[in-house]
Amino acid sequence: MNLDIRTKFLLLLSSFCFDGVFAGGRTEGFEQYGRGLSHYRGRTRSSHFFDVQRYGARADGLTDDSKAFRAAWKEACEAKGEVDLVIPKGTYLVGPVKFAGPCQNVSKITVHVKGYLKATTNLSKYGDGSGWVEFRWVEGLTLTGGGTFDGQGAKAWPYNRCSTDLNCKLLPTNVKFVATNRTVVRSITSVNSKFFHIALVECMNFKGSKIKISAPADSPNTDGIHIQRSSSVLFSQSLIGTGDDCISIGQGNTQVTVTSISCGPGHGISVGSLGRYRDEGDVSGLVVRDCTMRATTNGIRIKTWANSPGRSAATNMTFENINMNNVTNPIIIDQAYCPFTSCTPKSDSEIVAFPLLKTLTESNYRACTIPYRFPSDNPRKATPTEIAWIDLFRKSIPSFKKRAESDANVADAPTKAEKFAQRYAEILDDLKKDPESHGGPPDCILLCRLREQVLRELGFRDIFKKVKDKENAKTISLFQDVVRLNDNIEDEGQRLENLVRGIFAGYIFDLGSAQLAEVFSRDGMPFWLVVKTLFLDLGSSMTWTLLKQSGARNLGKRQAVIFVDNSGADVILGIMPFARELLRRGTQVVLAANDLPSINGVTYPELVEIVSKLKDENGKLLGVDTSNLLIASSGNDLLVIDLTRVSQELAYLASDADLVILEGMGRGIETNLYAQFKCDSLKIGMVKHPEVAQFLGGRLYDCVFKYNEVLG
């Protein structure tokens, strides 16, 4: 699907700089609108007035009053003329209720909600994607009264699997309108919806105002107002604070106006996502003006899927006088949107197979080194290997939680860190019970991805940022001394061995390993001491012997691609001196780093900054020209990597390489240890998980150095 997006932004960009009160877009409170039923007080009761309590509603908050609600609606819908359905003050426990028309002889029906409605928490009573309170095929409906719809979502949110499962069961929306016409919604409150708070589907002539919507900032998929395949819609003078989009404009909408909305917390006001399905309708005639965003992740966002199966357009959209205070991303146009953990940071249209990887037919490539299951295994039962790895990742939860708690960039970090621990533990439990849940069966790639996804959903972008910055600064100061020490070694074989020792020494800085993380935090690990004392028994390795004896031939390549691993000593004192040696021998070097943070892995932007700091005033690495040094995004976001999915940029730069280096336990051992390439390759890493050591028949902290030479 190709989306033609023609949008006019008339934003008050200067307001981004201020922390004070903004002019324009003032949203009034709700106390002045609580007129309740005053307009019909004293009216003589007639056949057009229907009180749910007269149909048996107990309003005690314990008895299910759904039957009384349905009975009152049935008679109201069968009446004539103008009709009032009343839900007086009180607390009502209500299961899913559908108020369905058409009401043939009713010209106008007003539902006065004065009470506090609580949704049943028994999810088995709801249909997939249905509404808790749902109005269908009704003409001339008004919903008002100052009452509250409480979805009791906190008990349902742990069962929301939509971030990890493309075919998840949708939880119920608080109040849903389907195919209604001439609808007015005014002065109601929606809190803690299990899914969307208010949803419109195929509605016409809809007006909503003085609505209050509230849910925690980390509540999943709790869009305030979602509009889809509707026309002539107006929402105004409302307060929305929730865990997802304050207002989301889906596909097939025309003439939608949003004005005087106060949004925050939440994800801002979004158009989309668009383009996921075939035959979606266009979006046109959208006006968003005089709105205020406070402490939202986004301001105005347009999000569309890449590689869409159909074609539609988003046109004639105006955003005017949008005031933003403490908004992380004021304007986003994302044409590669995908919220699921099965997605990579790049869209499918930008992801290709690594060109030097032998074809699947030639090599039977499988990213994960360890076989987690075999075709004969029961698909509904976790294998012993899967269980062992699930348990391994469970052991990492306390250390990740501890780091998340101290993330100063996330509001209420301790509470959100606790939620991370709970959610990720629940996902791991689910995978044990049903290995096909959450995009399974599980392997090291999926388990890593799910962990990162939960962290990002809660606002934790990079919980290791502080320690990475600290170690980068420390090791940058040591870079010159490490390089000079290597340069002083005249024997080429010994110099190469010392460079390899430096790479292995750098692996000590790995906070993804629970054992090393504990030692590192307790004692610290001086790089010099590790290099000096590191025991490497490489003498018995034929590949090492060949490489050492003919280092000039094997490392004097035209081009080498290095998939880099961790920040700190790993990349700065291990890989960069090694890369400098290659540059000195005339090799073009491509360093490939992740798009997004994962544990202490170095990202593409971080690597660009590191290299710039290592260069001298002439742009050289201690006298070595860097014109042949290139840095590329790998298109990935984990410390493990599937080489059938890399960025087009990296694929282009690597197409003529004659040496591929995969360094680090994640890239070179847990994945890709047996990967076959069309050119020479080196897999180098340290075993830091007991499960990996057991599979390889080695010991914890063994060093792996696997050089494969392609002859001819």
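## Salt bridge at the Asp702 end

At 22% relative accessibility, aspartate 702 counts as partly exposed in this predicted model. Aspartate 702 pairs with arginine 699 in a salt bridge. The closest N and O atoms of that pair are 3.4 Å apart. Arginine 699 has 60% relative accessibility, so arginine 699 counts as exposed.

## A salt-bridge network

Salt bridges that share partners also build one network from Asp487, Glu492, Arg495, Arg580, Glu581, Arg584 and Arg585. Across the whole structure, a search finds 34 salt bridges.

Arginine 585 is partly exposed, at 21% relative accessibility. Glutamate 492 is partly exposed too, at 33%.

Arginine 495 and glutamate 581 form another salt bridge, with their closest N and O atoms 3.3 Å apart. This pair links distant parts of the chain: arginine 495 is in helix H9 and glutamate 581 in helix H14, 86 residues apart. Both arginine 495 and glutamate 581 are buried.

## Cavities

The structure holds four cavities of 30 Å³ or more.

Which residues line the second largest cavity? The lining consists of Glu452, Leu455, Phe460, Arg461, Asp462, Ile463, Phe464, Pro597, Ser598 and Ile599. By class, six of these lining residues are nonpolar, one is polar and three are charged.

## A nonpolar surface patch

Tyr674, Phe695 and Leu696 make a nonpolar surface patch of about 280 Å². Phenylalanine 695 lies in helix H18, which covers residues 690-696. Its relative accessible area is 35%, so phenylalanine 695 is partly exposed.

## Valine 133

Is valine 133 buried or exposed? Valine 133 is buried, with a relative accessible area of 3%. Buried means under 20%, so valine 133 falls within that class.

Valine 133 is part of strand E9, residues 131-136. Glycine 151 is 18 residues from valine 133 along the chain, and the C-alpha atoms of the two are separated by 9.8 Å.

Key
Residues are numbered from 1 along each chain as its sequence is written. This is a predicted model: local features need pLDDT of at least 70, side-chain atom pairs count only at pLDDT 80 or more; totals for chains, interfaces and linings use all residues. Side-chain values use heavy atoms; hydrogens and water are left out. On a 1 Å grid over the protein atoms alone, a cavity is a set of points where a 1.4 Å probe fits but cannot get out, and a pocket is an open set with protein on both sides within 12 Å along at least five of seven lines; lining residues have an atom within 4 Å of a point. Grid points are joined across faces, edges and corners, and a volume is the space filled by probe spheres set on the points. Ala, Val, Leu, Ile, Met, Phe, Trp, Tyr, Cys and Pro count as nonpolar, Asp, Glu, Lys and Arg as charged, and the others, Gly among them, as polar. Patches are made of residues with over 30% relative accessible area and no salt bridge: like charges are joined within 9 Å, nonpolar side chains (Val, Leu, Ile, Met, Phe, Trp, Tyr) within 5 Å. Accessible areas come from the Shrake-Rupley method with a 1.4 Å probe; for residues, only the protein chains shown count as cover. A salt bridge is a side-chain nitrogen of Lys or Arg within 4 Å of a carboxyl oxygen of Asp or Glu. Helices (H or I, at least four residues) and strands (E, at least two) are DSSP runs, numbered from the N terminus. Buried means under 20% relative accessible area, exposed over 50%, partly exposed in between (1.4 Å probe, protein chains only).
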